[in-house]
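Here is a short briefing to read with the model open beside you.

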Amino acid sequence: QAEAKSKRLAQKKERHAKCNALKSNYQAHIQSNRSYRMSPDGERTYLSDAERTARNNNLKKAISKYCR
C-alpha cells in the first residue's frame, strides 16, 4: 500500500508540474504579438493566425485535462 501511495503522490506532483508549465505557456502565448516555433535548423517559423488559434485551443484543452 505504501508503494501505491508513493506512486499516486509522484503522479500528482508530475500532473501539478505539467499544469503549471501549460499555464505558463498559455500566458506567454496569449501575451505575445507573434508566436513562433523553432525549426530543426534553429530558425524561427512564425505561426499564422489559424495556427495561433489552433495552438491556443490545444493549450486550453491540455490545461483542462491536467489542471483539475
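**Briefing on the predicted model**

Asn57 is partly exposed, with a relative accessible area of 36% (buried means under 20% relative accessible area, exposed over 50%, partly exposed in between, with a 1.4 Å probe and protein chains only). This is a predicted model, in which local features need pLDDT of at least 70 and side-chain atom pairs count only at pLDDT 80 or more, while totals for chains, interfaces and linings use all residues. Residues are numbered from 1 along each chain as its sequence is written, and side-chain values use heavy atoms, with hydrogens and water left out.

**Asn57 and its place in the chain**

- Asn57 belongs to helix α2 (helices, H or I with at least four residues, and strands, E with at least two, are DSSP runs numbered from the N terminus).
- Between Asn57 and Thr45 there are 12 residues in sequence and 19 Å in space, taken C-alpha to C-alpha.

**The disulfide**

- The model has 1 disulfide (a pair of cysteine sulfur atoms within 2.5 Å).
- Its partners are Cys19 and Cys67, with sulfur atoms 1.9 Å apart.
- This pair links distant parts of the chain, 48 residues apart: Cys19 is in helix α1 (residues 2–31), and Cys67 is in the segment after α2 (49–66).
- The disulfide of Cys19 and Cys67 is right-handed, because the torsion about the S-S bond is about 120°.
- Cys19 is buried, at a relative accessible area of 7%, whereas Cys67 is partly exposed at 22%.

**The aromatic pair and its charged neighbours**

- A pair of aromatic rings is described by the distance of the centres and the angle of the planes.
- The count here is 1 aromatic pair (rings of Phe, Tyr and Trp, the last by its six-membered ring, pair if their centres lie within 6.5 Å; planes under 30 degrees apart count as stacked, over 60 as edge-to-face and the rest as tilted).
- Tyr36 and Tyr46 have ring centres 5.9 Å apart and planes at 65°, so the pair is edge-to-face.
- Since Tyr36 lies in strand β1 and Tyr46 in strand β2 (residues 44–46), the pair ties together parts that are 10 residues apart in sequence.
- Strand β1 covers residues 36–38.
- Arg34 lies over the face of Tyr46, 4.0 Å from the ring centre (a charge sits over a ring if NZ of Lys or CZ of Arg is within 6 Å of the ring centre and within 35 degrees of the ring normal).
- Over the ring of Tyr36 sits the charged end of Arg44, at 4.2 Å from the centre.

**The nonpolar patch**

- Tyr36, Met38 and Tyr46 make a nonpolar surface patch of about 290 Å² (patches are made of residues with over 30% relative accessible area and no salt bridge; like charges are joined within 9 Å, and nonpolar side chains, Val, Leu, Ile, Met, Phe, Trp and Tyr, within 5 Å).
- Accessible areas come from the Shrake-Rupley method with a 1.4 Å probe, and for residues only the protein chains shown count as cover.
- Tyr36 is partly exposed at 31% relative accessibility, and Tyr46 is partly exposed at 37%.

**The salt bridge**

- The structure holds 1 salt bridge (a side-chain nitrogen of Lys or Arg within 4 Å of a carboxyl oxygen of Asp or Glu).
- Glu51 and Arg37 form it through their side chains, at 3.2 Å from N to O.
- Glu51 lies in helix α2 and Arg37 in strand β1, so this pair ties together parts that are 14 residues apart in sequence.
- Glu51 is partly exposed at a relative accessible area of 30%, and Arg37 is partly exposed at 41%.
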